[in-house]
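Here is a brisk report on one structure.

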Amino acid sequence: MCGIVGYIGPKQAPSILVEGLKKLEYRGYDSAGISVLNGSIQVKKAKGRLAVLEEKLMAEPLEGNLGIGHTRWATHGKPSDENAHPHTEQSGNFVVVHNGIIENYLTLKEELIQKGHQFVSETDTEVIAHLLSDLFDGDLISTVRKAVAKMSGAYALGIIYKNEPDKLVAVRLASPLIIGLGKGENFLASDIPAILEHTRDVIILNDGEMAILTQDSVQVTTLTGENLQREPLKVDWDIETAEKGGYDHFMLKEIYEQPKAFRNTMGSRIDSQSGKVVFPELQLTKDEIQQVDRLYIVACGTAYHAGLIGKNIIEQLLRIPVEVEVASEYRYKNPIINERTMVMVISQSGETADTLAALRESQRLGAKVFAITNVVGSSVAREADQVIYTWAGPEIAVASTKAYTSQLIALYLFAIYLAQELGTQDSALLQQLVEELVKLPEKAEQILANTEEIKQFAEGIKEKEHLFFIGRGLDYAVSLEGSLKLKEISYIHSEAYAAGELKHGTLALIEENIPVIALATQESLLDKTVSNITEVKARGAKVLGIAYEDNTEIGKSVDQVITIPRTHPLLSPALSVIPLQLLAYYTSLARGNDVDKPRNLAKSVTVE
Ligand code: F6R
């Protein structure tokens, strides 16, 4: 996720900006840059690590007391020098850094091009600099307000205007931005660690707020200009806590980032006027979709589990057979591919060796490959024929959480989009799915606000050696992910079973007090799942049910229930997995494990 730093004061800005950006490295980035005002706007930026930028600055130092800096985590356009921030426009009057996404940037860009603006990058950010210059009315602040009124999306901005060298402007709409209050100097940053070295007095901007920083003052206003009185907070975190946003671990932070990740993945892909799903980034004609008679989804680990949900949804909505394959198997199995086969690979990192090999093998056999990935410019993104980004922001904890759920959102959108194009489902059902999708972030927030019971259950299982997850249909697919999460960070042996399959062998392992987690969100299968719960309870299992909050019956069959808000049954995996992620987290914590870096595992598996 991009990082922003800004400075206005008597000191030299470049070193403050670069040091601040170093403190934001944990957010992940692929390029970096700074800009200072020294009579004119000067910019230095470079693809790669901050060290590359530092080398450039050593060779050609910048000087100035007002500046903005940025680490970029690519969303629009590959990682490159040109796409790195800060961005200016042709007159060289405005310079901008930006975190987030400008959803209507293509429309704005086209309008600006028609007016004669020339663009040098592929980014949505450059549009902001041009827009400011286009709308300029003689006053920086009112111009920024006019520009912001034209932009839709979620973003945080830092802006400098050449002819008002006493001002640094900050705008926040759904991407984080904080102001650090110094003595005779002020700071701007995406996150607290960037400024902790200089001050502990901080104003956290709220959505829809703007701040005008001078050397001696900070004025916070609404986007339309009403002044706001904001009391600074005194931050007493150390740097490490600050990097994790105050959470104890990256995994917990990422679990809590899921509502935001959902919103980002949906982003501009739901047309607010028509309520339809759109995929402006895909080049796929109706004829091409109609040609497809079979789909392979190929991935590893958690991404494979997302694929299992994708299979179910696509088969339900499109009635096209979908095979989900573990990439390490698929690459050697001589898959049956012809011109009517579509292949989709899913990979958070975009660097998993087996997934990449599966992608290449599919292309070698003549298939067009679609990819769902989180990392712009990754190998998978570069090599796939078409890419759907999840825009979940960097995932740092080894155990994948927000990447998985945002993969689900991407798959839902893709399946609804194909069904819309092909007319395979009643438009009322598709409309209902879209309406329910949009409500998921709020429902996820509801689950995350209430974790006490999960913590207690985690305490109860921390000494156990074996555990089972059961479920039917989509609940079974989520069970597999819940079980993997628990195994990888708690080191407790666990297995996930299709609930109806248990009695064909595994039931022999159920004994007194063994914990069983039963997912029971799929209403059409509920009676059957309850029968399977009864079977394990009869053998002494202690059962935790995961069910909708209005299911008043399930409590009679299980020992404890964790509830989630009701949603459309096809969408329930995006919610029901959240308690399981939290359970894995709290169990790992209770056992004293290294939650973010579990033994024997790596975040990106680039070997076979
Ligand atoms: C588990 C986990 C792994 C990854 C797998 C694929 O929490 O993170 O199972 O899902 O290694 O990684 P990507 O998605 O980067 O291809």
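## Ligand contacts

A backbone N or O atom of Val398 sits 3.3 Å from an oxygen atom of the ligand. The model is predicted.

Side chains contribute too. Ser347 places a polar side-chain atom 2.6 Å from an oxygen atom of the ligand. Ser349 also brings a polar side-chain atom to 2.6 Å from an oxygen atom of the ligand.

## The shell around the ligand

How many residues surround the ligand? The count is 14. The closest are Ser347, Gln348, Ser349, Thr352 and Glu488. By class, the shell has 7 polar, 5 nonpolar and 2 charged residues.

Which helices supply at least two residues each to this shell? They are H10, spanning 301–318, and H17, spanning 474–490. H10 gives the most, with 3 residues.

Helix H4 covers residues 125–135, and helix H5 covers residues 140–150. Their axes come within 9 Å and cross at roughly 125°. An angle over 145 degrees would count as roughly antiparallel, and 65 to 115 as roughly perpendicular. H4 passes H5 in a right-handed crossing.

H4 also meets helix H3, residues 105–114. The axes of H3 and H4 come within 10 Å and cross at roughly 50°. That angle makes H3 oblique to H4. The crossing of H3 and H4 is left-handed.

## Helices H14 and H15

Helix H14 runs over residues 402–422, and helix H15 over residues 427–448. The pair packs at an angle of about 160°, with axes 11 Å apart. H14 is therefore roughly antiparallel to H15. In which hand does H14 pass H15? The crossing is left-handed.

## Backbone exceptions

Most residues other than glycine have a negative phi, and most peptide bonds are trans.

Where is the cis peptide bond that has an omega of about 0°? That bond joins His85 and Pro86. Pro86 is found in the loop between strand E4, residues 66–72, and strand E5, residues 87–88.

Asn334 has a positive phi of about 55°, although Asn334 is not a glycine. Its place is in the loop between helix H11, residues 327–330, and strand E18, residues 341–347. Strand E18 runs to residue 347, and Ser347 is among the closest residues to the ligand.

Methods: Residues numbered from 1 in each chain as written. Predicted model: local features only at pLDDT ≥ 70, side-chain atom pairs only at ≥ 80, totals over all residues. Heavy atoms only, no water. Near = heavy atom within 4 Å. Polar contact = N/O pair within 3.5 Å; in protein donor to acceptor, adjacent residues only side chain to side chain. Helix = DSSP H or I, 4+ residues; strand = E, 2+ residues; numbered from the N terminus. Nonpolar A, V, L, I, M, F, W, Y, C, P; charged D, E, K, R; others polar. Axes fitted to C-alpha atoms, helices over the stretch in contact; angles between N-to-C directions. Left-handed = near helix turned anticlockwise from the far one by under 90°. Parallel < 35°, antiparallel > 145°, perpendicular 65-115°, else oblique.
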